[in-house]
Amino acid sequence: MDEINSEVTVNELRAELIDTVKALRVQVVNQNSLSVGIDLRRKQQQTIKKEKTGSISKEEQLKIACQEMSSCQLCPLGKTRKNLVFGTGNPEAKIVFVGEAPGADEDEQGLPFVGRAGQLLTDIIKAMGYQRKDVYICNILKCRPPGNRNPQPDEISMCEPFLKKQLQIISPEIICALGSFAAKTLLNTEIPISALRGRFHSYEGIKLMPTYHPAYLLRNPSAKKQVWEDVQMIMKEV
Ligand code: SF4
């Protein structure tokens, strides 16, 4: 009888031991998958943090900003444009040229400064010792005002945040404001361009040089001398 009892006890002990080992094994497996899950979550959080802190490239940030506004209808110009003209050039540029608004050629091609005034701007950039691909070029308004009329104050105020974001991303050393609208908008002033040009101003901590718009130079070639003086001051700074 005692022998039978001791055999039962040994069998019970063995079964208990096997159960314990099984339970331990389940715990180890669960722990491993838990740590894999934690690792994945940590990686996802790191990626989000990286995006938030702006450690993705300026090129990527500009692409995202462009995509975000690609179907913008915040002002009436969204209905009449053919193409939205975001901007072009080097996302790491030291100099950003900011014009007024796209014209017919720009609206057609979706690129800034590609008409006659654009050719003159390209010549100015070359005279400074750069190529268009070295600098960044954009406008205050991203859509063409019909018939090339002047931008309206409400259109400027709707569109300005997009430009602000662009400039924040690029963070250039110098902004060259081309023409009255660009200079007055960026400097938040009503002072005429003739009085603003010829000296540096500050736009959110960035040096800003106002000068005449290339389209104005096409109508008033004698003003090229003053523009040349302005860009020479820029060249001394970069
Ligand atoms: S001009 Fe600017 S605010 Fe107006 S529709 Fe175009 S992108 Fe939007």
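Biologist: Which residue takes a positive phi just after H7?

Modeller: Asn-188 does, with a phi of about 50°. Helices (H or I, at least four residues) and strands (E, at least two) are DSSP runs, numbered from the N terminus. This is a predicted model, in which local features need pLDDT of at least 70, side-chain atom pairs count only at pLDDT 80 or more, and totals for chains, interfaces and linings use all residues. Residues are numbered from 1 along each chain as its sequence is written.

Biologist: And how many residues of H7 itself are buried?

Modeller: Six of the eight residues in H7, which spans 180–187, are buried. They are Ser-180, Phe-181, Ala-182, Ala-183, Thr-185 and Leu-186. A residue is buried if 20 or more other C-beta atoms lie within 10 Å of its own, exposed if 12 or fewer, and partly exposed in between, with C-beta atoms placed from the backbone.

Biologist: What covers those buried residues of H7?

Modeller: The cover includes helices H6 and H8 (193–196), together with strands E2 (95–99), E4 (174–178), E5 (201–203) and E6 (206–211). Across the protein, buried residues make up 30% of the 238 residues.

Biologist: Which other residues have a positive phi without being glycine?

Modeller: Asn-148 has a phi of about 60°, and Ser-171 has one near 50°. Asn-148 sits in the loop between strand E3 (136–139) and H6, while Ser-171 sits in the loop between H6 and E4.

Biologist: Why does Ser-171 count as partly exposed?

Modeller: Ser-171 counts as partly exposed because it has 16 C-beta neighbours inside 10 Å. Its C-alpha is 7.9 Å from that of Lys-94, a residue 77 positions away in sequence. Asn-148 is also partly exposed, with 13 other C-beta atoms within 10 Å.

Biologist: Is Arg-199 buried or exposed?

Modeller: Arg-199 is exposed, because it has 10 C-beta neighbours inside 10 Å. It lies in the loop between H8 and E5, and its C-alpha is 7.5 Å from that of Asp-230, 31 residues apart along the chain.

Biologist: Let us turn to the ligand. How many residues surround it?

Modeller: There are 14, and the closest are Cys-72, Cys-75, Gly-78, Cys-143 and Cys-159. H3 (77–80) and H6 (153–170) are the elements giving two or more residues to this shell. H6 provides the largest share, three residues. A residue is near a molecule or strand if its C-beta atom, placed from the backbone, lies within 6 Å of it.

Biologist: How do H2 and H6 lie relative to each other?

Modeller: Their axes come within 9 Å and cross at roughly 170°. H2 and H6 are therefore roughly antiparallel (an angle over 145 degrees). The contact involves Lys-58, Gln-61, Leu-62, Ala-65 and Met-69 of H2 with Phe-162, Lys-165, Gln-166, Ile-169 and Ile-170 of H6. Two residues are in contact if their C-beta atoms, placed from the backbone, lie within 7 Å. Axes are lines fitted to C-alpha atoms, for helices over the stretch in contact, and angles run from 0 to 180 degrees between N-to-C directions.

Biologist: Lastly, what is the mean pLDDT?

Modeller: The mean pLDDT, the predictor's confidence in each residue from 0 to 100, is 87, and 78% of the residues reach 70 or more. Over residues 32–41 the pLDDT is below 50, and this stretch has zero contacts in the model beyond near neighbours in sequence.

Key:
Parallel < 35°, antiparallel > 145°, perpendicular 65-115°, else oblique.
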